[in-house]
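Thanks for coming, everyone. Please have a look at the model on the screen, and then I'll walk through a few side chains.

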Amino acid sequence: FVDILYLNEGKTPADAQAYFDLVVPVVAGHGLERITPPFVITSKMAGDIEPNLVNVWSVSDPQNTFSNIFSDQAYLEHVPLRDSIFDMQRSHMFMMKAAQ
């Protein structure tokens, strides 16, 4: 799973990290774990998007992990904070698997 995130006006990568510090333990309990440190975009080489951050995650159960996260009250209590930091309408999220 990869998320490509835009920060809302006035928000910083430090704000994003504070949010992730709160939710990473919650989502890990449902099988969503970071496989790399978070990435801050430093320059744009090509394309028509200009995100601020990229996260790469492993997902133990692609069919159920996200439905379990989105029904967990411990996660849901942080959604207002998430929405204050990230422009969720502009952000992109992808489930991927290795090409064969």
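Trp57 is buried, at a relative accessible area of 5%. Buried means under 20% relative accessible area, exposed means over 50%, and partly exposed is in between, with a 1.4 Å probe and protein chains only. Some ground rules. This is a predicted model: local features need pLDDT of at least 70, side-chain atom pairs count only at pLDDT 80 or more, and totals for chains, interfaces and linings use all residues. Residues are numbered from 1 along each chain as its sequence is written, and side-chain values use heavy atoms, with hydrogens and water left out.

Now the rings. A pair of aromatic rings is described by the distance of the centres and the angle of the planes. Rings of Phe, Tyr and Trp (for Trp, the six-membered ring) pair if their centres lie within 6.5 Å; planes under 30 degrees apart are stacked, over 60 edge-to-face, and the rest tilted. How many aromatic pairs does this rule give? The count is seven. Take Phe20 and Trp57: ring centres 6.0 Å apart, planes at 50 degrees, so this pair is tilted. Phe20 sits in helix 1 (residues 13-28) and Trp57 in strand 4 (residues 53-59), 37 residues apart, so the pair links distant parts of the chain. Helices (H or I, at least four residues) and strands (E, at least two) are DSSP runs, numbered from the N terminus.

Is Phe20 buried or exposed? Phe20 is buried, at 7% relative accessibility. Phe20 also pairs with Phe86: the centres are 5.7 Å apart and the planes are at 50 degrees, so that pair is tilted. Phe86 lies in the loop between helix 4 (79-85) and strand 5 (92-94), so its pairing with Phe20 in helix 1 ties together parts that are 66 residues apart in sequence. Phe86 is buried too, at 2% relative accessibility.

Phe20 has a charge over its face. Arg34 lies there, 4.6 Å from the ring centre. The rule: NZ of Lys or CZ of Arg within 6 Å of the ring centre and within 35 degrees of the ring normal.

Asn55 makes another with the side chain of Asp3, at 2.9 Å. A polar contact is a pair of N or O atoms within 3.5 Å; within protein, one must be able to donate a hydrogen and the other to accept it, and residues adjacent in sequence count only if both atoms are side-chain atoms. Asn55 is in strand 4. Asn55 is buried, at 1% relative accessibility. Beyond its neighbours within four places in sequence, Asn55 is in contact (heavy atoms within 4.5 Å) with residues including Phe20, Arg34 and Pro38.

Next, the strands. Asp3 stands opposite Asn55 in strand 4. Strand 1 (residues 2-5) points Val2 and Ile4 one way, Asp3 and Leu5 the other, and all are buried. Which way do strands 1 and 4 run? They are antiparallel, joined by four bridges. Two strands pair if DSSP finds at least two bridges between them. Strand 1 also runs antiparallel to strand 5, with three bridges. There, Val2 has Phe94 as its bridge partner.

Last, Phe39 in strand 3 (residues 39-40). Phe39 is partly exposed, at 41% relative accessible area. Its C-alpha atom is 9.4 Å from that of Pro13, 26 residues away along the chain.
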